[in-house]
Amino acid sequence: MKGGTVQINWHDTKPVLTLDFHPHSGILATGGADYDIKLWLINSGEKLPSVSYHNSLSYHSSAINVLRFSPSGEQIASGADGGELIIWKLHATENSQTWKVLKTLSFHRKDVLDLEWSTDGSFLISGSVDNSCIIWDANKGSVHQILDSHFHYVQGVAWDPLAKYVASLSSDRTCRIYLKKAQTKTKGADKTNYVCQHVISKAENPSDESKSAKNHLFHDETLPSFFRRLAWSPDGSFLLVPAGSYKVSPATETINTAYVFSRKDLSRPALHLPCASKPIVAVRFCPLAFRLRGTNPSGFFKLPHRIVFAVATLDSLNIYDTESVTPIAVWAGLHYAAITDITWSPDAHYLALSSQDGYCTLVEFENDELGSPIYLSEKKVIGEGDESLVKKPEGMLIEATTENSLAATKAINEENKISVKKPDDMVIDTTPSKSLVAANNEISEAERNKQTEAEKKVIGDDRSRVEKPEDMVIDATTNDSLAADIEISEAERKEKKVMGDDSSTVQKPEDMVIEASANDSLVAANDGKKESPSTVTTPTVNKPTKRRITPMAIDP
């Protein structure tokens with residue numbers, strides 16, 4: 001693993017606001033405040049990947065906030081200030097390739113901040129400062145549907161790879177999940193529309209005495225960034241949402257976090273990933289999945305493969321996977337101004353991020369450094385019927401940690417222990433023999449006496465515990481841990497559906513230090529920081545003291 005900030009003239013020293021890799025050739029496209037899209041060739045280097053200029057696409061008349069290649073790689077969609085939205089098409093000849101304007105999509109009245117293509121490339125969704133999302137028919141170049149439920153800027157949009165949902169994130173502090181529904185027209189033809197299914201905004205905090213206080217889950221419009229780029233995992237099993245603002249109790253400090261929403265229950269977060277002192281502004285998934293390493297059988301996710309994803313704050317970058325308990329790597333102090341976008345190359349060999357300081361950072365991974373890649377088409381696609389994430393019982397509240405959790409977390413990090421988070425009437429147990437929420441479930445003696453022999457069936461692996469049958473009632477006031485979904489064989493399903501939970505604490509490595517799985521560390525470059533996009537002052541570099549932050553699941 002090697003990389004750093006590439007000191008070249010990316011966009012005439014003006015802010016680089018977006019970037020994306022071509023899904024096949026690996027050409028890097030960047031967009032910035034110089035109104036141009038530029039294409040770059042990336043090659044391996046001794047210390048840093050080398051970058052060479054390839055081409056420019058000029059047509060926009062304002063700063064380009066977002067660009068994305070279509071899944072086929074034959075088109076580029078780019079959104080800019082003033083509501084500009086353009087689709088470019090690749091024209092290939094024997095000796096050259098040129099990009100030309102194919103369509104201009106006109107309807108947004110103000111700046112377009114984010115967009116994403118549908119999996120088949122037939123549609124795309126865009127979010128704008130005019131408070132609306134628009135679903136476009138890319139083939140016709142026309143508006144398919146307008147989603148205007150938000151009350152402030154729409155700063156992030158995401159399209160479900162399984163083509164059932166779209167999601168949007170706004171500075172009105174809400175995340176909206178839209179469900180696809182077919183409506184039959186009078187002439188007999190079907191038109192697909194999306195209806196809002198979930199509005200995620202607040203969570204009740206059972207630790208409050210009032211029992212009625214609700215905490216906002218997301219930052220408000222004062223977040224110093226134009227972007228809140230959310231993303232679906234490539235297999236569609238979960239949605240990762242940035243700009244999280246989580247409070248354990250009214251008296252504690254706000255924790256900057258990203259929320260993970262299970263596909264099985266998109267109405268509330270399944271868990272959250274606390275990051276450093278700055279808000280999270282973008283997340284992006286590696287396009288490849290990897291074989292399980294088997295190093296941590298008791299992780300947050302129960303997937304047949306590993307998924308790797310990047311989480312960018314205003315001034316740092318964290319890389320996680322769904323199997324390890326710590327990030328693969330953490331970078332900080334790379335840029336003088338806010339990070340604006342992140343992207344992966346199609347072969348997972350490069351990771352790139354852009355910044356408002358006018359530069360981009362490239363990270364190069366060695367062959368199989370992230371793992372042995374597999375193709376999701378060869379695996380079962382995770383859908384609603386799969387049990388891949390922590391599942392919370394219906395009717396339960398989203399629970400914050402107890403009021404002493406921050407202090408407990410620091411103590412645990414110092415002793416390198418794992419914490420246990422239990423229902424609201426319980427305290428945090430920091431003994432090393434316990435695991436995170438509902439991990440290594442123990443069912444009370446009274447419940448064991450009530451269960452039949454079939455209900456006591458134990459799944460034969462290291463994570464097996466006595467499982468609760470589906471029809472049992474989970475009481476949040478008892479000492480029982482929450483049950484979660486596990487994968488079971490066809491024969492077991494016929495006999496009795498069993499549910500289990502297996503979660504563990506993800507610990508964040510020391511801030512300002514790059515941590516790799518082999519305990520190699522890279523020194524972060526460009527320690528300074530510049531102004532944030534919505535501020536004029538120049539904050540000083542504040543390197544936090546070395547500490548570990550433990551990602552916590554959100555209990556009902």
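This is a predicted model: local features need pLDDT of at least 70, side-chain atom pairs count only at pLDDT 80 or more; totals for chains, interfaces and linings use all residues.

Visitor: Which residue forms a salt bridge with Arg263?

Guide: Asp160 does, with the closest N and O atoms 2.8 Å apart. Asp160 sits in the loop between β14 and β15 and Arg263 in the loop between β22 and β23, so the pair ties together parts that are 103 residues apart in sequence.

Visitor: And is Asp160 buried or exposed?

Guide: Buried, because its relative accessibility is 0%.

Visitor: How many salt bridges does the structure hold?

Guide: Nine. One of them joins Asp20 and Arg284, whose closest N and O atoms are 2.7 Å apart. Asp20 belongs to strand β2 (residues 16-21) and Arg284 to strand β24, so this pair links parts 264 residues apart in sequence.

Visitor: Why does Arg284 count as buried?

Guide: Its relative accessible area is 18%, and the cut-off is under 20%, so Arg284 counts as buried. Asp20 is buried as well, because its relative accessibility is 4%.

Visitor: What about Arg306 and Glu323, how do their side chains meet?

Guide: In a salt bridge, at 3.6 Å from N to O. Arg306 is in strand β25 and Glu323 in the loop between β26 and β27, so they tie together parts 17 residues apart in sequence. Both Arg306 and Glu323 are buried.

Visitor: Which residues do salt bridges with shared partners join into one network?

Guide: Arg68, Asp114, Arg229 and Asp341.

Visitor: OK, switching to strands. What's the order in the open sheet of five?

Guide: β27-β26-β25-β24-β31, with antiparallel pairing. The edges are β27 (329-332) and β31 (373-374), each pairing on one side only.

Visitor: How many bridges are there between β24 and β31?

Guide: Two, in the antiparallel sense, with β24 covering residues 280-290.

Visitor: What does Val308 touch, leaving out residues up to four places away in sequence?

Guide: Phe285, Cys286, Phe290, Ile319, Tyr320, Asp321, Ile328 and Trp344. There's also a C-alpha separation to note: Val308 and Ser233 are 75 residues apart along the chain, with their C-alpha atoms 9.0 Å from each other.

Visitor: Now the nonpolar packing. Which residues of the largest core touch the most other members?

Guide: Leu317, Ile319, Trp331, Trp344, Leu351 and Phe365, out of 26 residues in that core. At least two residues each come from β24, β25, β26 (316-321), β27, β28 (339-344) and β29 (350-355).

Visitor: Which strand supplies the largest share?

Guide: β24, with five residues.

Visitor: Take Leu351, then. What is it in contact with, neighbours within four places aside?

Guide: Ala310, Leu317, Ile319, Thr343, Trp344, Thr361, Leu362, Val363 and Phe365.

Visitor: And how many residues are in the second, separate core?

Guide: That second core has 23 residues, among them Tyr165, Ile177, Ile255 and Phe261. As a general point, nonpolar side chains tend to be buried together in soluble globular proteins.

Note on methods
Residues are numbered from 1 along each chain as its sequence is written. Side-chain values use heavy atoms; hydrogens and water are left out. Two strands pair if DSSP finds at least two bridges between them. Helices (H or I, at least four residues) and strands (E, at least two) are DSSP runs, numbered from the N terminus. Contact means heavy atoms within 4.5 Å. A nonpolar core is a set of buried Ala, Val, Leu, Ile, Met, Phe, Trp, Tyr and Cys residues joined through side-chain atoms within 4.5 Å. Buried means under 20% relative accessible area, exposed over 50%, partly exposed in between (1.4 Å probe, protein chains only). A salt bridge is a side-chain nitrogen of Lys or Arg within 4 Å of a carboxyl oxygen of Asp or Glu.
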